[in-house]
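Open the model in your viewer and keep the sequence panel in view. We will go stop by stop.

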Amino acid sequence: MLRFAIFGIENDSVNTAVNVLLLVLIVVWFALIFWTFADARRRIDDPMLVACATAASLFPFVGTIVYLIVRPPEFVDDVRLRELEMTAAEARLAQLDYQLCPHCDYEIKADYLRCPSCMRKLKERCYSCSKPIDPAWRICPFCEAETNAPTPSTTRRRRRQTTDQATVATEAPPELAEAAETGTGETSRRRRR
Ligand SMILES: [Zn+2]
Ligand SMILES: [Zn+2]
């Protein structure tokens with residue numbers, strides 16, 4: 001059996017037990033120093049602070065307990081991963097102009113003129129600035145040039161009202177006809193002045 005004479009105790013079974021206990025405590029102490037070093041390296045980016053934490057753990061047990069209290073709550077890798085995820089999410093937000101082709105669900109960008117997968121027409125080209133514009137838009141949002149897109153029904157009705165008062169008066173509901181009449185009355189009054 002191994003005998004430890006560091007404390008000058010020999011040939012006594014009780015003292016041997018004490019020596020074994022001391023050996024266990026020393027092994028645990030060394031293990032805690034190593035654990036503190038390994039844990040600090042995963043949680044702290046600065047090698048100087050890692051060295052400080054390891055040096056603190058050289059104080060048996062108390063150093064490691066103090067380190068446990070003051071150590072950073074997160075692993076450096078987790079912080080990096082979270083930052084990566086944040087940047088990825090930001091990039092995803094920036095790519096919100098990505099849409100799906102209405103015909104084949106292929107991923108397309110907002111300024112594609114034709115779907116690269118099914119080759120169907122997605123956007124028209126503005127005749128003035130040649131930027132891709134939606135066929136439903138009545139005006140190019142980039143250069144303000146008017147497009148030949150069909151106008152919504154409300155404006156069509158208003159246009160007819162101004163051009164052809166008589167037909168509107170017969171076709172439109174009473175309130176509209178009244179409005180048209182008062183409109184003509186006002187304009188005629190203005191003309192009289
Ligand atoms: Zn398509
Ligand atoms: Zn344009």
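A residue counts as buried if 20 or more other C-beta atoms lie within 10 Å of its own. Keep that cut-off in mind. This is a predicted model.

**Whole chain.** Select everything first. By the cut-off above, 7% of the 193 residues of the protein chain count as buried. Now show the secondary structure: there are 7 helices and 4 strands. Trace them along the sequence and the pattern reads α-α-α-α-β-β-β-β-α-α-α. Of the contacts with a separation of 6 or more, 16% join residues 24 or more positions apart.

**Colour by confidence.** The mean pLDDT of the protein chain is 78, and 70% of its residues reach 70 or more. Then select residues 174-193. The pLDDT is below 50 there too, with 9 contacts beyond near neighbours in sequence.

**Helix H1.** Take the distance between its end C-alpha atoms: 44 Å. At 1.5 Å a residue, its 31 residues should span 45 Å, so the two values agree.

**Its buried side chains.** Pick out Leu-32, Thr-36, Asp-39, Ala-40 and Arg-43, the buried residues of H1. In an α-helix, residues three or four places apart point the same way, because there are 3.6 residues a turn.

Methods
Residues numbered from 1 in each chain as written. Chains lettered and ligands numbered in written order. Predicted model: local features only at pLDDT ≥ 70, side-chain atom pairs only at ≥ 80, totals over all residues. pLDDT = per-residue confidence, 0-100. Contact = placed C-beta atoms within 7 Å. Helix = DSSP H or I, 4+ residues; strand = E, 2+ residues; numbered from the N terminus. Expected span 1.5 Å × (residues − 1). Buried ≥ 20, exposed ≤ 12 C-beta atoms within 10 Å, placed from the backbone.
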